[in-house]
Amino acid sequence: MSTAGHLEAEASTPANPFAFTAENEQKIAEIRTRYPSHQSAVLPVLWVAQQQVLADPSRPRQLTPDVIRAVAAACGLKPAYVWGVATFYTMYHTKPVGERLIEVCTSVACALVGGEELYEHVCHRLEVDPATGGTTADGTFTVRRAECLGACGYAPMLQLDEGPFFEHLTPEKADELLAEWKRELAARAGGKPATGSSGSVKEGLSR
Ligand code: FES
């Protein structure tokens, strides 16, 4: 299958085709001024696109073909090239992610002090297969392994939503964090559990 074919196979285009907001168009124009060519701006433009996608509850939480095409158009590149870039870096979501993305470092410094056990514990709590990582049945959490995140001195650790680090973790501390994040999601959903069956998370946390 061609790269473009893979692009279509990985994700179908949603009904509302992606277009950058006026604010993001402006941001992209500014980003492009920092590079010698528009093509060179592909990484930050992909990031802007992804942030817009994740902020829009009407869209699938991934870089769908229409998003890739919009990035390609903004950078003067072919969609297949942009897809190749997006699939190379783990920070770009070419597969759907949950509302919270948990990345547990299992590289050597973390693995030596329980990183692997921490990863398996979080997977177990959320009923995600540790062999592959993945997203809970209700779409609330995605868990995956991460390569060294540069916090080796604070191992074991995990990162939430490509943002804050949580360090010196134990399974008990991880349970507290999961409970807190679940409460936040419930509050965000208006006091109700997040969409679909929240059972997998709820039951996992109560174990
Ligand atoms: S090995 Fe886990 S942060 Fe470096």
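## Ground rules

A crossing of two helices is called left-handed if the near helix is turned anticlockwise from the far one by less than a right angle, and right-handed if clockwise. Keep that in mind for the helix pairs below.

What you're looking at is a predicted model: local features need pLDDT of at least 70, side-chain atom pairs count only at pLDDT 80 or more, and totals for chains, interfaces and linings use all residues. Residue numbers start from 1 along each chain, following the sequence as written.

## The overall layout

Let's start with the parts list. The protein has nine helices and five strands; these are DSSP runs, numbered from the N terminus, with helices being H or I of at least four residues and strands E of at least two. Reading from the N terminus, the order is α-α-α-α-α-β-α-α-β-β-β-β-α-α.

Of the 207 residues, 35% are buried. Buried here means that 20 or more other C-beta atoms lie within 10 Å of a residue's own (12 or fewer is exposed, in between is partly exposed), with C-beta atoms placed from the backbone. Now for contacts, meaning pairs of residues whose C-beta atoms, placed from the backbone, lie within 7 Å. Among contacts with a separation of 6 or more, 65% join residues 24 or more positions apart.

Why is α4 described as largely enclosed by the rest of the structure? Because eight of its 11 residues are buried. Those buried residues are Pro65, Val67, Ile68, Ala70, Val71, Ala72, Ala74 and Cys75. Just after α4, Gly76 takes a positive phi of about 65°.

The axes of α3 and α4 come within 10 Å and cross at roughly 140°. (Axes are lines fitted to C-alpha atoms, for helices over the stretch in contact, and angles run from 0 to 180 degrees between N-to-C directions.) The crossing is right-handed. On the α3 side, Val42, Val45, Leu46, Ala49 and Val53 make the contact, and on the α4 side it's Val67, Ala70, Val71, Ala74 and Cys75. By class, that gives 10 nonpolar, no polar and no charged residues. The nonpolar class is Ala, Val, Leu, Ile, Met, Phe, Trp, Tyr, Cys and Pro; Asp, Glu, Lys and Arg are charged, and the others, Gly among them, are polar.

## Two nonpolar cores

A nonpolar core is a set of buried Ala, Val, Leu, Ile, Met, Phe, Trp, Tyr and Cys residues joined through C-beta atoms within 7 Å. The largest one has 22 residues, and Val42, Val45, Ala49, Ile68, Val71, Cys75 and Val82 have the most contacts inside it. Helices α2 (22-32), α3 (42-54), α4 (65-75) and α5 (79-88) each give two or more residues to this core. The largest share, seven residues, comes from α4.

Apart from that core lies another, of 21 residues, including Val97, Cys110, Val128 and Ala155.

Helix α7 (residues 115-126) and helix α8 (residues 171-188) have axes that come within 10 Å and cross at roughly 40°. This crossing is right-handed too. Leu118, His121, Val122 and Arg125 of α7 meet Pro171, Ala174, Asp175 and Leu178 of α8.

## Thr135 in a strand

Thr135 sits in strand β2 (residues 134-135). Is Thr135 buried or exposed? Thr135 is buried, with 20 other C-beta atoms within 10 Å. Leaving out residues up to four places away in sequence, Thr135 touches Pro96, Val97, Gly98, Phe141 and Thr142. Pro96 is 39 residues from Thr135 along the chain, yet their C-alpha atoms are separated by 8.2 Å.

Definitions and conventions:
Two residues are in contact if their C-beta atoms, placed from the backbone, lie within 7 Å.
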